[in-house]
Amino acid sequence: MNLKQLNQFIALAETGNFHRAAEQLHMAQPPLSISIRKLEEELGSALFDRTSTGVVLTAAGKAMLESARATLFHADQCRQAVRDTREGVGGLIRLGFVGSATYELLPRLIPSFRDRYPKVGLEFYEATSAEILEGLTTRRFDAGLLRYPVLELDEGIELTPLDQDEFVLAVSDSSPLAQRDAIALSEAAHEPFVMYPQDTVPSLAALAKLRCQQSGFTPRIAQEAMQVQTIMSLVASGLGVGLVAGVSHLVQPRGVKCLPLLDNPPGFRVGIALVHSTAPGSRAVEKLIEHALQHAKLPAAP
């Protein structure tokens, strides 16, 4: 049994006549008769009763008709899914993302992408930047949103910046520093810091330490935490101060104040970038890259 035979069976069932069915199928009547007979032999049951004026479905034929129609419908759906994926308007994207991408970038990017490409499925996986890069290598992810700059980028992985941001200093409301509206990071040199752990978020940990060194000191680390929300909760608890991306003010908890830094070195930025493999892959990922670039928030070129 094949799709061609099912199509012939349906045409004959709907027309009730070999001649009309053959015309509808753009084929000669004898091959149609042979094909239907072979189908009946394969199934071990007659599907039609032959009459002087045409054919009528047997009980077996009636039982088969709806399933045959459903099979052809799903076969058409398969063909359409392949076409959509080939053209980049369908398929599935498995997207890894860092938690801070949910503050502003994902809500700005994803709804408009869904509206534009409703047939593209999106699966989201929260992960660290290191896990996202590993996931691209192992093909667990098709693309990712991570913090950049990245210390090491494997060959075959491309990074496209989407947002640029700066570190701000998260301080407890109970700290004397909270009386300030802005601060030079060097003025917090003697404060204990809640920092990112080197083993799980190496790039962000290195960037935060480098930023302190650029202000003339090495931070005294009192506590480590991987998530920005956790860092700010620990700051609110009075365990120290923390360096977080400026966008984090959107989710800062009660008891925390984020202070802009007055001594940011020129050109020193932290941001979020889209990463993906440079190997030929999904057209849907290419569409996501194009869409993300249209919604990027980057400084205008000088």
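The domain assignment, whose bounds come from an automatic or database source, divides the protein chain into domain 1 (3-87), domain 2 (91-164 + 273-294) and domain 3 (167-260). This is a predicted model, in which local features need pLDDT of at least 70 and side-chain atom pairs count only at pLDDT 80 or more, while totals for chains, interfaces and linings use all residues. Residues are numbered from 1 along each chain as its sequence is written, and side-chain values use heavy atoms, with hydrogens and water left out.

Taken over C-alpha atoms, the centres of domain 2 and domain 3 are 27 Å apart, and their contact (heavy atoms within 4.5 Å) takes 10 residues from domain 2 and 16 residues from domain 3. Together the two domains bury about 1000 Å², 71% of it on carbon and sulfur atoms, where buried area is the accessible area (1.4 Å probe) that two parts lose on being put together, summed over both. On the side of domain 2, Tyr103, Arg147 and Leu151 lose the most area to domain 3, together 56% of what that side buries. Between domain 2 and domain 3 there are 0 salt bridges, a salt bridge being a side-chain nitrogen of Lys or Arg within 4 Å of a carboxyl oxygen of Asp or Glu.

The structure as a whole holds 12 salt bridges. One of them joins the side chains of Arg69 and Glu14 at 3.2 Å, N to O; because Arg69 lies in helix H4 (residues 59-87) and Glu14 in helix H1 (residues 3-15), the pair ties together parts that are 55 residues apart in sequence. Helices (H or I, at least four residues) and strands (E, at least two) are DSSP runs, numbered from the N terminus. Arg69, at 31% relative accessibility, counts as partly exposed, and so does Glu14 at 48%, where buried means under 20% relative accessible area, exposed over 50%, and partly exposed in between (1.4 Å probe, protein chains only).

A further salt bridge links Arg94 and Asp142 through their side chains (3.0 Å, N to O). Arg94 belongs to strand S3 (residues 91-97) and Asp142 to the loop between helix H6 (129-137) and strand S5 (143-148), so this pair connects parts 48 residues apart in sequence. In helix H9 (residues 283-294), Glu286 and Arg283 lie 3 residues apart, about one turn of the helix, and their side chains meet in a salt bridge of 2.5 Å, N to O.
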